[in-house]
Amino acid sequence: RNDNFWAYFGPLMSLVLLAEAATVFFVRKTAHLPEDLHDQPAITMAILTQIQAWVSGVPILAVLGNNESSDAVYLGRVLLIWIFSVSSVGLVVCPRILKAINHSRKPKASSYKSKSVVHISGLTPSRQSGG
């Protein structure tokens, strides 16, 4: 068992909390921008996913820490790290990539209007009706 747990865990938690606070700050700062320039719902979901991982993962790791099974402790740590790394990428970056891919696959709309009028110069309504 490591006696210096808080020496490493304290700075780690302070960095995580600082990063989460900075993220919330910038999300609120960009809330007035058009929807295609900010990802407020996706970032909020990523933050909530990470908070949920901490709230549920740290107590599980604390219980597993007293266990003799090093495999269970390793698996718990790997799952917690995986949730942190994948939640941000999966919830913020992947939707942007999919949106860009789907946008590039759509056929380009023509710049012409669907209804057009042809005007033949030299003909006036008086000449047409006289026949």
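**View 1. Gln-50 sits in helix α2.** Helices here are DSSP runs of H or I of at least four residues, strands are runs of E of at least two, and both are numbered from the N terminus. The model is predicted: local features need pLDDT of at least 70, side-chain atom pairs count only at pLDDT 80 or more, and totals for chains, interfaces and linings use all residues. Residues are numbered from 1 along each chain as its sequence is written, and side-chain values use heavy atoms, with hydrogens and water left out. Gln-50 has a relative accessible area of 9%, so it counts as buried (under 20%; exposed is over 50%, partly exposed is in between; 1.4 Å probe, protein chains only). Neighbours within four places in sequence aside, Gln-50 contacts Glu-20, Phe-84, Ser-87 and Ser-88. Contact means heavy atoms within 4.5 Å.

**View 2. Glu-20 is a buried residue without a salt bridge.** Glu-20 belongs to helix α1, residues 5–29. Its contacts are Ile-47 and Gln-50, with residues up to four places away in sequence not counted. A salt bridge needs a side-chain nitrogen of Lys or Arg within 4 Å of a carboxyl oxygen of Asp or Glu. For Glu-20, the nearest side chain of opposite charge is Arg-28, 14 Å away. Lys and Arg are taken as positive, Asp and Glu as negative; His and the chain ends are not counted.

**View 3. Phe-25 and Phe-26 form an aromatic pair.** Rings of Phe, Tyr and Trp (its six-membered ring) pair if their centres lie within 6.5 Å; planes under 30 degrees apart are stacked, over 60 edge-to-face, and the rest tilted. The count by this rule is 1 aromatic pair. The ring centres of Phe-25 and Phe-26 are 5.2 Å apart and the planes stand at 70°, so the pair is edge-to-face. Phe-25 is partly exposed, at 47% relative accessibility. Phe-26 is exposed, at 52%. Phe-26 lies in helix α1. From Phe-26 to His-38 the C-alpha distance is 10.0 Å, across 12 residues of sequence.

**View 4. A nonpolar patch lies on the surface.** Its members are Met-45, Leu-48, Ile-51, Val-55 and Leu-91, with about 450 Å² of accessible area together. Patch residues have over 30% relative accessible area and no salt bridge; like charges are joined within 9 Å, nonpolar side chains (Val, Leu, Ile, Met, Phe, Trp, Tyr) within 5 Å. Areas come from the Shrake-Rupley method with a 1.4 Å probe; for residues, only the protein chains shown count as cover. Helix α2, residues 40–65, gives the largest share of the patch, 4 residues. Leu-48 is placed in helix α2. Its relative accessible area is 48%, so Leu-48 is partly exposed.

**View 5. Ala-42 is another residue of helix α2.** Which residues does Ala-42 touch, not counting those up to four places away in sequence? They are Leu-91 and Val-92. Ser-87 is 45 residues from Ala-42 in sequence, and the C-alpha atoms are 9.8 Å apart in space.

**View 6. The whole chain gives the context.** Along the sequence the pattern reads α-α-α-α. Of its 131 residues, 16% count as buried. Among contacts with a separation of 6 or more, 69% join residues 24 or more positions apart. The accessible surface of the chain is about 11100 Å², with 65% belonging to carbon and sulfur atoms.
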